[in-house]
Amino acid sequence: MALPLLRTLYARLALGLFLLLLVIGTLFSALSFYSVREYSAAVNHQLNRDLASRLVADRNLVTGDRIDYRELERLFDLYMSINPSIEIYLLDLQGRIVSFSANPDKIKRNQVSLQPIQTLLTNPDMYPLPGDDPRSHDRRKVFSVTPVPSADNPSGYLYVVLRGQQYDFAESMVHGNRLLKMAAGALTLSLAVGLLAGLVFFRLLTRRLTRLTARVEGFEAKTDRDSEPQPPQVPGERGDDLDYLSLRFDAMAQRIVGQLELLKDKDHQRRQLVAQVSHDLRTPLAAVQGYLETLSLKQDSLDLDQRRRFLAIALGETRRLGQLVDELFELAALDAREKQPNLERFIVAELVHDVLQKHTPSAVQNDVSLSIGAIEPAIVNADIAMTERVLDNLISNAISHSPAGTKVRVSVAADANGVSIHVADSGPGINKQALAHIFTPFYQAPGANRSGHAGLGLAIARRMAELHQGRITVKNRSAGGAEFLFWLPLADEK
């Protein structure tokens, strides 16, 4: 199960990069506008810082030691026409505005601060130095100033604002249209190039993470086939590739730990199996060897009946030994899945009847009656030989554990998914401790006689049932005895 694209680490890095570039671009644009504005003010002040003194000299504003106000009015009218970007003010020595060239409706101040004026007159290189703008209560602009009528005998100041109302209007038009469009275009292009480069770079960085996640999922899928399926773990709503990979790694680690525990258990079972096989093989071999040695040493002193009896016992032990070896090979083949069922469609009820007929002589010999309960017709898709082998084992076990004069009952029930074959005996039942180990190879309940078989029949039966996607379970009946249930899935309808 892959993560949605918007929750991947790559998508989150891309979104983070986009937001970062957007913030940087916005700050850069603001700083650029501020820098251009300050640079423009500095250049304007440098070029026009002597404008006020030149106006006084060029326009003959001072006659003798007095200001020519008519000439000053003409100067106002002239610059209002030819250079509306500057505004000219006549101030007294306290900074009060005496006369001006600006629109009277726009004047907000009656007086400007003398501190920047005196600072600039004292040190002309202190530029750009802003002063009060008479058209605003809080705005400050660069200016040019000179004492009038003279520096030696001043009666006021000629105060020239270098960036007047018309300049502000023109500047706002430029900034609001052309410059703004240029800046927006440059910002958009920078963001696009930066984002594209970042996406490529992040893809190169996260590509290995994506491959690692895919490899972990592939390994997990392989281990799922050999272990019980685990419920899927989904990262939280805020999880990304790393959270997803962490969950998958934790799940894989848990599965590996479980498989290590399973391997330990299998190794323990293998040791027990080897020990039990050695014991079960050694017992018939010792019997065969003992009787053959007796025949060899005492053949002259034994009569014909004794020799026949010894040979019959030795022959029976060899058959038992051969059966044990065959069962061991069969169980090993089933565990390794080398032996696969040959599936074909057949009616379960017919096979059950045939198996019961086959075991009738054995039941009669043990004074046990075989009875058939409810038989429902149903068709399964299974291996007939394996299914018969499972039924043989269950029915023969039921006969051998039933006391004389009791019954073994076999019934078949069908449901929507499969067929259940019930084999119930009338014996003493199965010890509660033994119920959990009844299908373990070589396991025998405490006190059971091991001379008859090696305890592999039920283990083989369960393996065969599992190869058919079926199951075998066992329980003790309330009325007494044990009941085995052999379930097989129904054949698909064709």
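In the predicted model described here, helix 8 passes helix 9 in a right-handed crossing, a crossing being right-handed if the near helix is turned clockwise from the far one by less than a right angle, and left-handed if anticlockwise. Helices (H or I, at least four residues) and strands (E, at least two) are DSSP runs, numbered from the N terminus. Residues are numbered from 1 along each chain as its sequence is written, and side-chain values use heavy atoms, with hydrogens and water left out. Because this is a predicted model, local features need pLDDT of at least 70 and side-chain atom pairs count only at pLDDT 80 or more, whereas totals for chains, interfaces and linings use all residues.

Two packed helices are described by the angle between their axes and the distance between the axes. The axes of helix 8 and helix 9 come within 10 Å and cross at roughly 35°, where axes are lines fitted to C-alpha atoms, for helices over the stretch in contact, and angles run from 0 to 180 degrees between N-to-C directions. On the side of helix 8 the contact (heavy atoms within 4.5 Å) is made by L351, V352, V355, L356, K358, H359, S362 and A363, and on the side of helix 9 by I384, T387, E388, L391, D392, I395, S396 and I399. By class, this contact of helix 8 with helix 9 has nine nonpolar, four polar and three charged residues, with Ala, Val, Leu, Ile, Met, Phe, Trp, Tyr, Cys and Pro counted as nonpolar, Asp, Glu, Lys and Arg as charged, and the others, Gly among them, as polar.

Helix 9 (residues 384-400) also packs with helix 11 (residues 457-467), at an angle of about 145° and with the axes 9 Å apart, and the crossing of helix 9 and helix 11 is left-handed. Here M386, R389, V390, N393, L394 and N397 in helix 9 meet G457, L458, I460, A461, M464 and L467 in helix 11, and the residues of this contact divide into eight nonpolar, three polar and one charged.

An open sheet of five strands, with mixed pairing, has the order 9-11-12-14-13, two strands being taken as paired if DSSP finds at least two bridges between them. Its edge strands, each pairing on one side only, are strand 9 (369-375) and strand 13 (471-476), and the twist averages 15° from one strand to the next. Strand 9 runs parallel to strand 11 (residues 407-414), to which five bridges join it; within this pair, I372 stands opposite V410, and the bridge partner of I375 is V412. Strand 11 and strand 12, in contrast, run antiparallel and are joined by six bridges, A414 having V419 in strand 12 as its bridge partner, and a hairpin leads from strand 11 to strand 12 through three residues. Helix 8 (residues 348-365) lies across strand 9, strand 11 and strand 12 (418-424), running at about 165° to strand 9, while helix 11 touches strand 13 and strand 14 (482-489), its direction making about 135° with that of strand 13.

The largest nonpolar core has 45 residues, and those with the most contacts inside it are V352, I421, I472, F484 and F486. A nonpolar core is a set of buried Ala, Val, Leu, Ile, Met, Phe, Trp, Tyr and Cys residues joined through side-chain atoms within 4.5 Å, and buried means under 20% relative accessible area, exposed over 50% and partly exposed in between (1.4 Å probe, protein chains only). Leaving aside its neighbours within four places in sequence, I472 is in contact with V390, F439, A461, R462, A465, F484, L485 and F486. Apart from this core lies another, of 17 residues, among them L55, L72, I88 and L90.

A further open sheet is formed by five strands in the order 4-3-7-6-5, with antiparallel pairing, and its edge strands are strand 4 and strand 5 (130-132). Neighbouring strands of this sheet are turned by 40° against each other on average, direction ignored. Three bridges join strand 3 (residues 87-92) to strand 4, and L90 stands opposite S99 in strand 4. S99 is buried, with a relative accessible area of 13%, and its contacts beyond four places in sequence are E73, F76, I88, Y89 and L90. Y159, placed in strand 7 (residues 156-161), is buried with a relative accessible area of 1%. Although Y159 and L91 are 68 residues apart in sequence, they are 6.9 Å apart in space, C-alpha to C-alpha. Helix 4 (residues 115-122) lies across strand 3, strand 5, strand 6 and strand 7, running at about 65° to strand 6.
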